[in-house]
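I set out to record, entry by entry, what I looked up in one protein structure. The chain and its model are placed below for reference.

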Amino acid sequence: MAVALFGQSAFADTVLNVGYLHVEVPRAPTLSNLDPIPENNGLAGAQTGLKDNQTTGKFLGQTYTLKQASVPEGDDPLTTAKDMLAASPFLILDAPADVLLAIADLPEAQEAILFNASSGAVALRDDACRANLLHSLPSDAMRTDALAQTLVQKRWSDLVMIAGTHPADLAYATAIRQSLTKFGLKLSGEKTWDADADMRRSAAQEIPLFTQDFGDYDAMIIVDELHDFGRYVLYNTWQARPVVGSEGLSALTWAPVIEQWGAAQLQSRFEEQHGRDMTPTDYAAWAAMRTLGEAVTRTKASDPTSLRRYVLSDEFELAGFKGRALTYRDWNGQLRQPIAIAHPRALVAQAPLEGFLHQTNELDSLGLDRPESKCEAFQ
């Protein structure tokens, strides 16, 4: 393989091998099976990104390949990760936060570029950050900050919240509380959902009683990241008020209703290739693959040191079909990106919203800003 030096003016034949590692985790049972998770969730996005890279690469002497592996529940993901790192220093990871950190800490991964395409855990961008781990998926805090901006803009300041008990719900609820504080909002009432309740037949009778003692309010926040009970809360509350959060009006990485800024073309390409809609994990995996393709094209290099330096520089930009160029935060490896505010039928807005300014980049009003992040690995 011929590798061009960083900054050379002419292309050499370049081969970039990328790995995609999926770590299977048990999924908690839910009341409804209307939202099955695709078996190729995430991988399909990486495959679409691969095709996009190959389209450009064939004119520039670049070849891209993708090798994928899946670790069954209960098996050791580190063994598979080591094997994949022996074949390539570029890995896109779909794994829980603790597994991401374990892989990032492997000796074999210290000179690698790893992409987190599935975990929104704020700690990964904060005091648990790793210099070799970049985040193409927005953090939970980016999504909840986007939602809080929407609440401020609509002047919905009297808020109540119903939260589930799954670990993903607990993490999202914590991010919600922090975002409300950040933007000068607070909860006037909060309840925990009964995990044993089955509302499929009794929602019209039980939900009004469950929500009655909230009294009046401007909007109800639903924290149900498994999409388990939240669907039964909509239109059954004691007060007829807007529902936001995990159901109703939501802050989303990606959704089928995003059609502006050329997004319809990406949506169409993805649907043609895979026969379904693109999910947030698909988008994050696509963005990770395209990050590598863009970096190789611009630097004419294929070694992880050169590509990482360029990706974290002010020169890097990724056209992400979100109306603004996407860039990486050089203090914690998070991909800056707008967040869609949408319901299942239409895009309502895109955060950061007008009026939420920042001294350097308005996208940094979403999630951990430089002064807020305790990440020291990128210094």
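**Entry 1: the cavity.** I take a cavity to be a set of points, on a 1 Å grid over the protein atoms alone, where a 1.4 Å probe fits but cannot get out; lining residues have an atom within 4 Å of a point. Grid points are joined across faces, edges and corners, and a volume is the space filled by probe spheres set on the points. I note that this is a predicted model, in which local features need pLDDT of at least 70 and side-chain atom pairs count only at pLDDT 80 or more, while totals for chains, interfaces and linings use all residues. Residues are numbered from 1 along each chain as its sequence is written, and side-chain values use heavy atoms, with hydrogens and water left out.

I searched the whole structure and found one cavity of 30 Å³ or more. The largest cavity has a volume of about 40 Å³. I listed its lining as Arg-125, Ser-139, Met-142, Arg-329, Asn-332, Gln-334, Gly-367 and Leu-368. I then sorted residues by class: Ala, Val, Leu, Ile, Met, Phe, Trp, Tyr, Cys and Pro count as nonpolar, Asp, Glu, Lys and Arg as charged, and the others, Gly among them, as polar. The lining of the largest cavity has two nonpolar, four polar and two charged residues.

**Entry 2: the disulfide.** A disulfide is counted as a pair of cysteine sulfur atoms within 2.5 Å. Helices (H or I, at least four residues) and strands (E, at least two) are DSSP runs, numbered from the N terminus. The torsion about the S-S bond of Cys-129 and Cys-375 is about 90°, so the disulfide is right-handed. Are these cysteines buried or exposed? Buried means under 20% relative accessible area, exposed over 50%, and partly exposed in between (1.4 Å probe, protein chains only). Both Cys-129 and Cys-375 are buried.

**Entry 3: aromatic rings.** Rings of Phe, Tyr and Trp (its six-membered ring) pair if their centres lie within 6.5 Å; planes under 30 degrees apart count as stacked, over 60 as edge-to-face and the rest as tilted. My search of the whole structure gave nine aromatic pairs. The rings of Trp-193 and Phe-229 have centres 4.6 Å apart and planes at 5°, so this pair is stacked. Trp-193 is buried, with a relative accessible area of 6%, and Phe-229 is buried at 1%. For Phe-214 and Tyr-217, the ring centres are 6.3 Å apart and the planes are at 80°, so that pair is edge-to-face. Both Phe-214 and Tyr-217 are buried. I also noted that Trp-254, Tyr-283, Trp-286 and Phe-321 form one aromatic cluster.

**Entry 4: Gly-293.** Where does Gly-293 lie? I located Gly-293 in helix α9 (residues 280–299). Gly-293 is buried, with a relative accessible area of 2%. Contact means heavy atoms within 4.5 Å. Gly-293 touches Asn-53 and Tyr-64, not counting residues up to four places away in sequence.

Technical notes: 1 Å grid on protein atoms, 1.4 Å probe; cavity = no way out; pocket = protein on both sides within 12 Å on 5 of 7 lines; lining within 4 Å.
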